[in-house]
Number of protein chains: 2
Amino acid sequence: MIPAFTCPIALASQSPRRIELLHKIGLEFTVHPAGIPEPPPSPGQNPLTYALEMARIKARKVANDLPDHLVIGADTVVVAGDQILGKPATDVLAREMLNLLSDCWHSVSTAYVMIKKDQQFEFAGQQTTRVHFRAISASEIEYYISTGSPFDKAGGYGIQDYSAIFVDAIDGCFYNVVGLPLSHLVGSLKIVSERLSSA
Amino acid sequence: MIPAFTCPIALASQSPRRIELLHKIGLEFTVHPAGIPEPPPSPGQNPLTYALEMARIKARKVANDLPDHLVIGADTVVVAGDQILGKPATDVLAREMLNLLSDCWHSVSTAYVMIKKDQQFEFAGQQTTRVHFRAISASEIEYYISTGSPFDKAGGYGIQDYSAIFVDAIDGCFYNVVGLPLSHLVGSLKIVSERLSSA
């Protein structure tokens, strides 16, 4: 069960997937997108460090406006080889990414940061999941691009949509790939609830 | 992309999860539940053999009524240790199953059988996924049972619902645990489409 919180909870993200996942576990929260530009990672930057930094920046931005809320920020990075794949801006980039993922394993890491500013409280967690795509054909890639789905998603795909048929195996938490590692997040929420009420 | 079929397709299952999964991949089909009793496995029967047999029985039953359709039957079994876990009929059984799954790996196998009777065509496939539950507490189990979700699901849980927070890792295809291994199924549909049109 989701622990009880005496303070309101805010999600610093407007991702429909994250909103749906938190509804699934019965958490009550309001949505406050951080609305900040997401700078690309520096060359050679560790993907997890980058995701944690982005999650923290988002959470801090919203916590400044809502210091009495527990603010949850999150960021998901998709890594193929040593390349961090962002959200593809164009058909060409989406095609490139999906071709890169075809017939290979890649990894998806989600970092989350929870902040309650008026108690100077900060908590971070992260999970990594390995995902395998079967060999996908050019026509499958073109069809998937035509659905418009790749463009708002890191790595150019959403495991919960049509591209589900590209994924033949995962190793780790599935919901982490969707946008939040639900099982681990609930564990973290319990710790956070205890720490906040004993503070 | 889903291959083209010149014949109509029927799903011999009324599982809302399977219906939703097939909609996700864009398959057009009608729903024709087999409506047959599901006998429990014989003692010592191999779980995969049992799932394949059940999927075949369901598909054959509907194919008898719809010989010109490609009929898809499926069955999912959940196995913990050497025990096949069915759908729990009572709170007591659901509690027992969820306690058994807590803090352990178990496996979920889905078998599917496709039949087009007027061409004497039959095709079978299956996938197995390993699933790990974190340690879950008695109060989490009671809450989950109170949602009513365990009772129509093999193993007493549905990975796509609230029990998502019990699952901290999977090894294999996620959608296989929901009820159909989408990626593999699409591969099978391609083979079936080619064989049917060349027959």
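Which side chains meet in a salt bridge with 2.9 Å from N to O, one in chain A and one in chain B? Select A:Glu140 and B:Lys190: their side chains form that bridge, at 2.9 Å, N to O. A salt bridge here is a side-chain nitrogen of Lys or Arg within 4 Å of a carboxyl oxygen of Asp or Glu.

This is a predicted model, in which local features need pLDDT of at least 70 and side-chain atom pairs count only at pLDDT 80 or more, while totals for chains, interfaces and linings use all residues. Residues are numbered from 1 along each chain as its sequence is written, chains are lettered from A and ligands numbered from 1 in the order in which they are written, and side-chain values use heavy atoms, with hydrogens and water left out.

**Stop 1: the interface**

Stay at the boundary between the two chains. The rule finds two salt bridges across the interface of chain B and chain A. It also finds 12 residue pairs in polar contact there, both residues being at pLDDT 80 or more. A polar contact is a pair of N or O atoms within 3.5 Å; within protein, one must be able to donate a hydrogen and the other to accept it, and residues adjacent in sequence count only if both atoms are side-chain atoms.

Now colour chain B by element. Helix 4 (138-146), strand 7 (167-172), helix 5 (174-178) and helix 6 (182-198) of chain B are the elements that give two or more residues to the side that touches chain A. Helices (H or I, at least four residues) and strands (E, at least two) are DSSP runs, numbered from the N terminus. Strand 7 of chain B gives the largest share of that side, six residues. By type, the residues on this side of chain B are 17 nonpolar, five polar and seven charged. In that division Ala, Val, Leu, Ile, Met, Phe, Trp, Tyr, Cys and Pro count as nonpolar, Asp, Glu, Lys and Arg as charged, and the others, Gly among them, as polar.

Chain B and chain A bury about 2,300 Å² between them, with 58% of it on carbon and sulfur atoms. Buried area is the accessible area (1.4 Å probe) that two parts lose on being put together, summed over both. Select B:Met1, B:Ile165 and B:Ser183, which supply 26% of the area that chain B buries against chain A, more than any other three residues.

**Stop 2: B:Met1**

Centre on B:Met1, in the segment before strand 1 (9-11) of chain B. B:Met1 is partly exposed, with a relative accessible area of 33%; buried means under 20%, exposed over 50%, and partly exposed in between (1.4 Å probe, protein chains only). Leaving aside neighbours within four places in sequence, B:Met1 is in contact (heavy atoms within 4.5 Å) with A:Ser139, A:Glu140, A:Tyr143, A:Tyr162, B:Val186 and B:Lys190.

**Stop 3: the nonpolar core**

Next, select A:Tyr157 and B:Tyr157. These have the most contacts inside the largest nonpolar core, which has 104 residues. Such a core is a set of buried Ala, Val, Leu, Ile, Met, Phe, Trp, Tyr and Cys residues joined through side-chain atoms within 4.5 Å. Beyond four places in sequence, B:Tyr157 is in contact with residues including B:Leu98, B:Leu101, B:Val131, B:Phe133 and B:Val177.

**Stop 4: salt bridges within a chain**

Over all chains, the rule counts 22 salt bridges. Select A:Asp75 and A:Lys58, whose closest N and O atoms are 3.0 Å apart. A:Asp75 lies in strand 3 (residues 70-80) and A:Lys58 in helix 2 (residues 47-65) of chain A, so the pair ties together parts that are 17 residues apart in sequence. Both A:Asp75 and A:Lys58 are buried.

Move to B:Asp118 and B:Lys116, joined at 2.9 Å, N to O. B:Asp118 is partly exposed at 43% relative accessible area, whereas B:Lys116 is buried at 7%.

**Stop 5: B:Asn176**

Finish in helix 5 of chain B, at B:Asn176. This residue is buried, at 0% relative accessibility. Among the residues that B:Asn176 touches beyond four places in sequence are B:Val108, B:Thr128 and B:Pro181.
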